Amino acid sequence: MKLNTLFTTAAATALLAGAAIAEPVTLRIQTHYATEHPTGQRLAQWVDDVQTMSGGDITIEMFYSSSVVGSVETFDAAINGILDCDATGGAYQTGKNPAFQFVGDIMGGYETAWQQYSWLYYGGGYEAAQELYNEYNMQLIGWSIYGQESMSSSRPLAGFEDLVGWKFRSPPGMETEIFEKLGATPIVMDFTEIFTALETGIIDGADASGLANNVGLGLYDIVSHATYPGFHSMPSDHLACNLDVWNGLTEQQRRIIETAWQKLSFQIALYNDRANAAAAAELTAQGVTLYDWSAEDRATFRAAAQEAWADWATRSPEAAALVDSHVAYMTELGLIN
């Protein structure tokens with residue numbers, strides 16, 4: 001047998017042996033999005049990408065609309081083996097550790113999804129966040145960010161002075177503290193209550209979602225003012241997997257999942273940029289007033305947010321580490337002094 005033939009045969013045998021070790025896997029993942037939601041549709045494409053790129057080596061069972069457990073319970077379900085991965089968001093876990101606020105919704109931080117992504121991939125964010133996730137035997141795979149949220153209101157919101165006395169629907173957590181310091185009255189309520197609360201005047205406005213999603217919710221059938229582009233909230237959803245499950249995958253399987261997730265995350269940001277711009281044009285034509293806050297007003301809000309960050313940083317060592325990481329990177333970007 002010629003020497004080059006011998007080497008070729010040996011290499012082929014090694015490849016076959018490696019392939020035999022890689023057992024096909026099925027991952028059970030839950031998202032809080034519905035199948036018809038734009039993000040739900042892109043998650044379905046991600047599933048197809050992973051299964052196609054792996055040649056069927058990876059099968060994903062995606063459970064939509066929190067069909068296995070509640071949204072806030074998905075993370076624990078993955079920890080405990082009921083699911084393998086969680087495709088909701090870190091902000092649901094602030095009761096577990098305040099540090100999850102700073103991987104879920106930083107509030108008043110980055111101005112664009114791309115800046116926030118760059119912290120994760122190039123600003124030391126992935127390593128800082130991974131320490132937090134690993135403490136709970138979870139692995140952070142990546143984020144998806146749909147961009148800045150817009151506040152909807154029955155009265156003008158031209159700047160931070162208009163927040164004084166403004167009653168609005170707010171999610172729980174750090175946001176309520178920031179807006180209270182600026183004179184607003186945040187009222188924590190479920191999404192399902194927003195429409196009736198606006199109609200009856202219980203609230204003047206709502207922090208619900210991005211501009212296009214707010215159109216879908218029908219908010220501008222009731223109110224005629226909104227902030228756009230937004231400045232106060234830019235949530236990041238995550239893909240986080242049980243660490244034992246993740247470590248049990250081959251390097252090839254992990255690379256496929258990570259690469260496909262980056263495609264998904266950037267597509268979500270691009271799609272929402274376009275959808276929000278289209279919604280802005282449509283709403284302006286309908287007579288809805290959109291307010292793009294000045295650099296000075298944005299700075300005022302960010303200063304109030306920084307006070308809240310500093311307070312939350314005292315609540316756990318992990319929160320302090322993440323706040324320090326964000327502040328260092330925002331300073332590098334020139335967002336804060």
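What percentage of contacts in the protein chain between residues at least 6 apart in sequence join residues at least 24 apart? The share is 74%. The model is predicted. Its protein chain contains 13 helices and 11 strands.

Overall dimensions were examined next. The radius of gyration of the protein chain is 22 Å. A compact globule of 337 residues would have a value near 20 Å, so the two agree. Along the principal axes, the C-alpha atoms fill a box of roughly 85 × 40 × 35 Å.

Burial and surface were then computed. Of the 337 residues in the protein chain, 51% are buried; the cut-off for this class is under 20% relative accessible area.

Charge was counted over side chains. The protein chain carries 41 negative side chains and 15 positive ones. The centres of these two sets are 5 Å apart.

Strand 4 spans residues 138-145. This strand is mostly covered, with eight of its eight residues buried. In a regular strand, side chains alternate between the two faces of the sheet. The partner considered here is strand 10, residues 236-242. Strand 4 and strand 10 run antiparallel in their pairing, which extends over seven bridges. Within this pairing, Ile145 stands opposite Ser236 of strand 10.

How values were computed
Residues are numbered from 1 along each chain as its sequence is written. This is a predicted model: local features need pLDDT of at least 70, side-chain atom pairs count only at pLDDT 80 or more; totals for chains, interfaces and linings use all residues. Side-chain values use heavy atoms; hydrogens and water are left out. Helices (H or I, at least four residues) and strands (E, at least two) are DSSP runs, numbered from the N terminus. The radius of gyration is taken over C-alpha atoms; the globule rule is 2.2 Å times the number of residues to the power 0.38. Buried means under 20% relative accessible area, exposed over 50%, partly exposed in between (1.4 Å probe, protein chains only). Contact means heavy atoms within 4.5 Å. Lys and Arg count as positive and Asp and Glu as negative; His and the chain ends are not counted. The place of a charge is taken as NZ of Lys, CZ of Arg, CG of Asp or CD of Glu. Two strands pair if DSSP finds at least two bridges between them.
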